[in-house]
Amino acid sequence: MGLCERCKKKQATFHMTNIDTSGAKQERHLCEHCAVEEGHMQVAKPSVDINDLLETFLASTKSAAGQAVNLTCETCGISYVEFRNQGLLGCPDDYDAFAEPLGRLLSEAHGDAAHHVGKTPKSLGAQRKSYEDLRRLKRLLAEAVAAEDYERAAELRDQIRELESA
Amino acid sequence: MNSLDDVARRAGEWLRGAGPLHEIVISTRIRLARNVRGFVFFGRADTDTRAEIAETVQAAVSKALPGFTSLDLEQLDELDRLLLVERHLISRQHADSTGARRVAFDAGEVAAVMVNEEDHLRMQVMKSGFQIEEAWQQIDGLDDALDGQLDFAFHPKYGYLTACPTNVGTGLRVSVMLHLPALRLTNEFDKVRQAARDLRLAIRGLHGEGTEALGDLFQISNQITLGRSEAEIIDEFRGAVIPKIVEYEKAARQTLLKSRLHALDDKIWRALGALQNARLISSNEAMQYLSHLRMGLHVGRVKTIDLHTLNELFLQMQPAHLQKLQGERLNGEQRSLARAALLRARLSNN
């Protein structure tokens with residue numbers, strides 16, 4: 001964990017992502033002392049647009065960390081709290097180790113369609129086809145919605161759900 | 001390193017000042033984040049693991065991308081690393097972190113692969129003007145070539161796995177660099193912010209997150225990487241976002257020409273006067289004047305200077321490039337002096 005960017009002496013334990021009304025992001029990493037000095041510790045009421053706040057992953061500080069305090073990844077040893085403090089995961093297995101709270105965060109950051117569509121690696125072999133299908137169905141769904149063909153859209157949505165849960 | 005001394009003298013392909021909409025769109029960049037299965041992410045890796053990852057990826061790069069120049073960042077001094085940052089070949093974070101880190105890039109500096117940045121691999125393709133489809137085709141091929149050599153970490157639900165969950169899924173980030181001086185002068189920049197916010201896009205300064213809009217240059221990039229395909233993300237930029245912003249900037253330039261010509265001319269000619277006469281000038285000040293001059297060129301008010309010179313100067317105003325060109329280390333005041341001398345030499349009337 002890094003040092004406080006203000007005093008450069010103590011450990012940074014206070015991590016903040018500022019978003020101004022333009023949506024521009026600025027990260028701050030301070031120790032507790034400097035965070036109080038700068039008046040951040042009392043700032044509970046956000047001075048930014050609440051929607052922007054929700055849209056930005058690291059700023060969406062719902063109490064997921066509080067509920068997931070005990071989770072630790074067996075592969076790399078990182079705890080969920082550590083991840084929340086530094087904003088970076090420790091290894092690819094964290095996505096499964098922290099499945100529940102992380103899934104919620106991903107939905108907030110990327111919208112409710114938090115399932116991969118798009119390119120796949122060669123190592124996936126024959127399974128690559130199902131991603132192709134998913135991509136095609138999602139495109140058809142968007143077209144059906146645009147054309148206000150809701151019956152067709154509902155059909156497609158069911159097919160997509162089936163594929164995603166497979 | 002000698003090979004980098006020459007690099008500073010020319011501009012990469014992305015600053016060629018060509019390509020569709022190049023008057024306003026400086027460059028189009030696409031990057032893909034990838035990690036190799038079986039390793040922890042860079043931030044969690046100890047010194048030995050970082051070296052092992054770098055070695056594994058380097059072996060793949062050598063095979064898949066012959067002809068790329070490959071540099072070991074630990075072997076470069078601070079100035080050379082900063083030069084690579086100014087050329088957008090590596091990020092500031094990549095330059096400043098520790099442990100085994102590499103970068104490989106092609107001769108035109110269009111394609112580059114950062115090794116051991118936040119993710120094991122960050123590949124990018126950067127092109128002049130608005131060439132988003134071409135950039136995607138090229139990086140897609142780059143990814144395919146490396147995919148044949150490396151086993152990328154992939155999750156059935158979350159796609160390509162990345163150290164920061166904000167990149168997971170496609171790992172794709174489009175960044176379009178725009179020159180928007182007229183929107184700033186007419187105080188209409190909020191239009192752009194609004195358009196970007198509606199589409200959940202981020203706006204940043206020249207060197208990415210947290211940097212100011214030096215020289216009226218802005219980068220617009222996508223934030224959503226999961227749940228949308230690469231094609232959908234790219235289509236949004238191509239169809240909706242960029243043409244709209246370009247239209248706003250063009251309209252603002254017309255407004256300035258029609259109803260505020262004296263004010264516009266004043267900005268442009270003051271800029272030229274300052275650049276041709278200054279004896280000490282900071283990079284920020286130089287960038288701002290070059291920005292006004294570039295606009296003057298595109299609206300037809302300045303005819304004696306070519307775009308290529310201006311684009312090169314934008315790059316050479318920055319500290320590492322300036323010192324490379326001078327062939328010596330300079331302190332702040334020496335840089336201001338050298339910068340002013342360079343500008344006078346390049347922009348003088350005779």
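**Chain A: confidence and composition**

The mean pLDDT of chain A is 78, and 80% of its residues reach 70 or more. Where pLDDT is low, the predicted coordinates should not be read in detail.

Chain A contains two strands and eight helices. From the N terminus on, their order is β-β-α-α-α-α-α-α-α-α. Of the 166 residues of chain A, 24% count as buried. Among the contacts in chain A between residues at least 6 apart in sequence, 37% join residues at least 24 apart.

One residue of chain A may be considered individually. Ala154(A) lies in helix α8 (residues 150-165) of chain A. Is Ala154(A) buried or exposed? Ala154(A) is exposed, because 12 other C-beta atoms lie within 10 Å and a residue counts as exposed at 12 or fewer.

**Strand β1 of chain B**

Strand β1 (residues 25-34) of chain B is largely enclosed by the rest of the structure, because 10 of its 10 residues are buried.

| Partner of β1(B) | Sense | Bridges |
|---|---|---|
| strand β8 (residues 172-179) of chain B | antiparallel | seven bridges |
| strand β5 (residues 121-128) of chain B | antiparallel | eight bridges |

Individual bridge partners can be named for each pairing. Leu32(B) is bridged to Leu172(B) in β8(B), and Ala33(B) has Arg122(B) in β5(B) as its bridge partner. In a regular strand the side chains alternate between the two faces of the sheet.

**Contact between the chains**

How many residues does each chain bring to the contact? Chain A provides 36 residues and chain B provides 41 residues. On the side of chain B that touches chain A, β6 (154-155), α7 (189-198) and β9 (201-204) of chain B each supply at least two residues. By residue class, this side of chain B comprises 16 nonpolar, 12 polar and 13 charged residues.

Notes. Residues are numbered from 1 along each chain as its sequence is written. Chains are lettered from A and ligands numbered from 1 in the order in which they are written. pLDDT is the predictor's confidence in each residue, from 0 to 100. Helices (H or I, at least four residues) and strands (E, at least two) are DSSP runs, numbered from the N terminus. A residue is buried if 20 or more other C-beta atoms lie within 10 Å of its own, exposed if 12 or fewer, and partly exposed in between; C-beta atoms are placed from the backbone. Two residues are in contact if their C-beta atoms, placed from the backbone, lie within 7 Å. Two strands pair if DSSP finds at least two bridges between them. Ala, Val, Leu, Ile, Met, Phe, Trp, Tyr, Cys and Pro count as nonpolar, Asp, Glu, Lys and Arg as charged, and the others, Gly among them, as polar.
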